[in-house]
Amino acid sequence: MNKSTFKGTIISIQPRIRLTRSFDEASHTYLGYAITLKGELVNTKSTFSIGIEKAAQAKHEFKVNDVISEACVPVPDPDMEPAEFHKVSKLKLLSKGTTGSTSSPWELVPPALEVYRQRGHRRLAARTYDTKCISCMWGARMPVEIIIDNWNPRGKKKYRFETFCYGPLNCKLYKAGPKRKVEVRNKMVYIEEDWVDEMAVEHRDPEECSW
Ligand code: SF4
């Protein structure tokens with residue numbers, strides 16, 4: 001497949017994680033990092049996103065305001081990926097940008113994926129994510145695969161995106177938004193109550209104020 005060349009400034013770098021839901025169960029697949037760039041894609045001005053693997057991030061330590069380049073291909077299934085392009089090759093760091101915000105939204109080099117897994121997340125209102133959190137390393141926009149019949153994992157599935165926050169519990173920008181609803185078999189609906197998020201982050205210091 002022909003690769004698309006790109007060059008751009010990083011405006012967001014967040015964990016690249018896929019969520020699978022089945023009734024009240026949720027599991028995560030850690031794919032790497034999702035980077036949104038403002039620049040040129042095949043010599044055309046564009047804002048676009050690429051997915052990279054964790055080894056590439058460990059090597060380059062990308063963050064917001066860095067300028068990077070090279071080549072990528074469209075993802076085969078946009079329902080299953082937080083980024084539009086992947087299989088990035090010859091990745092180059094052209095220039096290190098100035099340090100971004102050191103408080104919410106945090107625009108630093110994002111931590112290892114293991115740190116996200118250890119911290120756990122809370123749901124984050126989609127509008128808050130869109131307006132305040134896109135550049136924050138603690139935000140994540142996950143593709144979600146919903147297995148409708150938990151007795152038949154190969155049966156009907158639905159797809160959507162959900163937004164989450166891995167950041168400090170006292171972030172002033174945080175808004176939970178509505179409870180998430182998951183379609184299950186026989187047209188029933190599972191509603192994810194607040195205690196699910198509370199349990200996911202109960203091991204963290206509520207007064208944690210920075211990273
Ligand atoms: S709500 Fe979460 S993702 Fe948004 S700025 Fe605060 S810590 Fe970052």
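Me: Happy to look at this one with you! Where is Val42 found?

Reply: Val42 is in the loop between strand S2 (25–41) and strand S3 (44–52). Bear in mind that this is a predicted model.

Me: Why is Val42 called partly exposed?

Reply: Its relative accessible area is 45%. Buried means under 20% and exposed means over 50%, with partly exposed in between, so Val42 at 45% is partly exposed.

Me: And what makes the phi of Val42 worth a look?

Reply: Phi of Val42 is near 50 degrees, which is a positive value in a residue other than glycine. Lys87 also has a positive phi, near 45 degrees, and is likewise a residue other than glycine.

Me: Where does Lys87 sit, and why is it called exposed?

Reply: Lys87 is found in strand S5. Its relative accessible area is 56%; exposed means over 50%, so Lys87 is exposed.

Me: How do you know whether Ser4 is buried or exposed?

Reply: Ser4, which lies in strand S1 (residues 4–22), has a relative accessibility of 16%. The cut-off for buried is under 20%, so Ser4 counts as buried.

Me: Which residues does Ser4 touch, leaving out those up to four places away in sequence?

Reply: Ser4 touches Leu41, Val42, Glu70, Ala71, Cys72 and Phe85.

Me: Now to Glu81. Where is Glu81 found, and why is it called buried?

Reply: Glu81 is in the loop between strand S4 (67–74) and strand S5 (85–95). Its relative accessible area is 8%, and buried means under 20%, so Glu81 is buried.

Me: What makes the pairing of Glu81 and Arg16 a polar contact?

Reply: The side chains of Glu81 and Arg16 are joined at 2.6 Å. The limit for such a pair of N or O atoms is within 3.5 Å, so 2.6 Å qualifies as a polar contact.

Me: Which residues does Glu81 touch, again not counting those up to four places away in sequence?

Reply: Glu81 touches Arg16, Leu31, Val75, Pro143 and Phe161.

Me: Why does Arg127 count as exposed?

Reply: Arg127, found in helix H3 (residues 126–133), has 66% relative accessibility. Exposed means over 50%, so Arg127 counts as exposed.

Me: How many residues separate Arg127 and Lys175 along the chain?

Reply: They are 48 residues apart along the chain, and their C-alpha atoms are separated by 9.0 Å.

Me: Which two residues does a cis peptide bond join?

Reply: The cis peptide bond joins Ser104 and Pro105, with omega at about -5 degrees. Pro105 is in the loop between S5 and helix H2 (113–119).

Me: Stepping back, how many helices and strands does the chain have?

Reply: The chain has four helices and 10 strands. Along the sequence they follow the pattern β-β-β-α-β-β-α-β-α-β-β-β-β-α.

Me: How do you know what radius of gyration a compact globule of 211 residues would have?

Reply: The rule is 2.2 Å times the number of residues to the power 0.38. For 211 residues a compact globule would have a radius of gyration near 17 Å, and the chain has 18 Å, which agrees.

Me: What share of the chain's residues count as buried?

Reply: Of the 211 residues, 46% count as buried.

Key. Residues numbered from 1 in each chain as written. Predicted model: local features only at pLDDT ≥ 70, side-chain atom pairs only at ≥ 80, totals over all residues. Heavy atoms only, no water. Helix = DSSP H or I, 4+ residues; strand = E, 2+ residues; numbered from the N terminus. Buried < 20%, exposed > 50% of the residue type's maximum accessible area, 1.4 Å probe, protein only. Polar contact = N/O pair within 3.5 Å; in protein donor to acceptor, adjacent residues only side chain to side chain. Contact = heavy atoms within 4.5 Å.
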